[in-house]
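Here is a friendly briefing on one protein structure, arranged by topic. Have a look at the model first, then follow the points below.

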Amino acid sequence: MGANRDKPDLWKKDILSSVDFYNTWFMKFAPKAFRATRIDTTRQVVAALKAASNLTEITPEVLMKKPDILQVLRMSTCPPIARDRLIGLAGLSKNLVFSMENNNLLPKRMRRDELLTQLKRIGGIIKEMADPDIFVWLQRNDMATEEEVNRAATVVADRLCGAVADPIIRNEQERRQLSVIRQWLEERGYQQIDTGQARQITDMPKGTFSFRLNVPVSLEGGKRINITIDAVIMSKTAKSGELPLLIEAKSAGDFTNVNKRRKEEAIKMLQLRKTYGDKIVFNLFLCGYFDSGYLGYEAAEGIDWVWEHRVDDLELFGI
């Protein structure tokens with residue numbers, strides 16, 4: 001007997017309840033999460049502007065000292081410049097731009113003369129396209145006031161946060177979902193162990209759980225990789241050799257994206273079964289916009305789920 005996959009008569013009601021549950025959370029908590037990120041991002045923008053003397057000195061030397069300010073500089077232009085657009089516009093090495101923004105590093109193998117040439121191009125593009133309505137001091141060729149810098153930093157931070165709004169909300173929602181699972185388990189006497197104590201899912205003690213655990217799986221050709229499982233729970237009544245319950249926390253703010261990505265869980269299930277056999281149990285913890293098409297697809301793949309608005313259904317998995 002399953003928890004929800006074999007009860008399609010309940011799906012419609014649960015979908016509506018889950019959407020309402022997600023929307024209530026979003027209206028109450030998402031703005032708070034976004035504001036906190038914006039405050040932190042504004043501080044980073046102020047620091048980046050300071051490093052570039054408030055956009056008056058975007059020299060190769062400045063960019064070599066602080067490579068990661070490039071993302072801030074891209075959001076300081078009118079219009080803001082996408083990463084790939086900057087690469088094409090200035091004839092830059094993709095590796096250079098990705099290394100600067102993602103790793104705060106410069107490519108070690110790039111010749112110094114080529115590096116200086118490309119960094120100079122970046123500075124030239126940014127200075128030429130700097131937004132005059134934000135960086136008003138550049139037009140009057142004068143020093144920026146503290147108020148002007150803070151105002152400009154807020155605008156640029158908004159642009160940066162707008163570009164990553166979905167990940168901000170998704171990460172906050174995932175933290176909250178795992179917190180809900182943790183509280184539910186601890187109220188029933190389960191103990192959390194860290195990933196270092198749970199190197200193998202087969203070695204987990206009874207009555208324990210772990211979050212974001214890397215689980216090795218086998219691929220075609222014998223290659224092994226790790227996949228990250230959000231929650232791994234070993235039942236308090238587990239018998240010797242029994243496998244833990246694996247749970248993937250999923251949330252969504254619209255119906256479109258979940259159906260684009262619904263194969264991801266099926267692939268994980270296939271990999272887990274190939275490695276650990278048909279007795280492995282991999283299920284979902286859902287909150288938000290998951291329609292009948294998504295649920296039907298997962299059910300057909302043998303994947304069950306618990307709705308966050310009915311978290312007590314976790315008991316149906318024997319935990």
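**Briefing: helices, sheet and rings**

Helix α4 (residues 83-90) packs against helix α6 (residues 112-129) at an angle of about 110 degrees, and their axes are 10 Å apart. That makes α4 roughly perpendicular to α6, a label for angles of 65 to 115 degrees. The model is predicted, so local features need pLDDT of at least 70 and side-chain atom pairs count only at pLDDT 80 or more, while totals for chains, interfaces and linings use all residues. Residues are numbered from 1 along each chain as its sequence is written, and side-chain values use heavy atoms, with hydrogens and water left out.

**Two helices meeting**

- L86, L89 and A90 of α4 meet R121, I125 and M129 of α6; contact means heavy atoms within 4.5 Å.
- The residues of this contact divide into five nonpolar, no polar and one charged. Here Ala, Val, Leu, Ile, Met, Phe, Trp, Tyr, Cys and Pro count as nonpolar, Asp, Glu, Lys and Arg as charged, and the others, Gly among them, as polar.
- Axes are lines fitted to C-alpha atoms, for helices over the stretch in contact, and angles run from 0 to 180 degrees between N-to-C directions.
- Helices (H or I, at least four residues) and strands (E, at least two) are DSSP runs, numbered from the N terminus.

**The sheet**

- An open sheet is formed by six strands in the order β1-β2-β3-β4-β5-β6, with mixed pairing. Two strands pair if DSSP finds at least two bridges between them.
- The edge strands, each pairing on one side only, are β1 (191-192) and β6 (305-307).
- Strand β5 (residues 281-288) pairs with β6 in the parallel sense over three bridges, and W307 in β6 is the bridge partner of L286.
- Helix α1 (residues 11-51) lies across β4 (245-252), β5 and β6, and runs at about 60 degrees to β5.
- Helix α11 (residues 263-276) also packs on the sheet, where it touches β2 (208-218), β3 (224-234), β4 and β5.

**A closer look at β4**

- Eight of the eight residues of β4 are buried, which means under 20% relative accessible area; exposed is over 50% and partly exposed in between (1.4 Å probe, protein chains only).
- In a regular strand the side chains alternate between the two faces of the sheet.
- L245, I247, A249 and S251 point one way from β4, while L246, E248, K250 and A252 point the other way.
- β3 pairs with β4 in the antiparallel sense over three bridges, and I233 has L245 as its bridge partner in β4.
- β4 and β5 pair in the parallel sense over eight bridges, with A252 standing opposite G288 in β5.

**Aromatic rings**

- The whole structure holds eight aromatic pairs. Rings of Phe, Tyr and Trp (its six-membered ring) pair if their centres lie within 6.5 Å; planes under 30 degrees apart count as stacked, over 60 as edge-to-face and the rest as tilted.
- Y22 and F26 are stacked, because their ring centres are 6.2 Å apart and their planes are at 25 degrees.
- Y22 is buried at 7% relative accessible area, whereas F26 is partly exposed at 34% relative accessibility.
- F255 and Y289 form an edge-to-face pair, with ring centres 5.0 Å apart and planes at 65 degrees.
- F255 lies in helix α10 (residues 255-260) and Y289 in the loop between β5 and α12 (292-300), so this pair ties together parts that are 34 residues apart in sequence.
- Ring pairs link Y22, W25, F26, F255 and Y289 into a cluster.

Technical notes: Angles under 35 degrees count as roughly parallel, over 145 as roughly antiparallel, 65 to 115 as roughly perpendicular and the rest as oblique.
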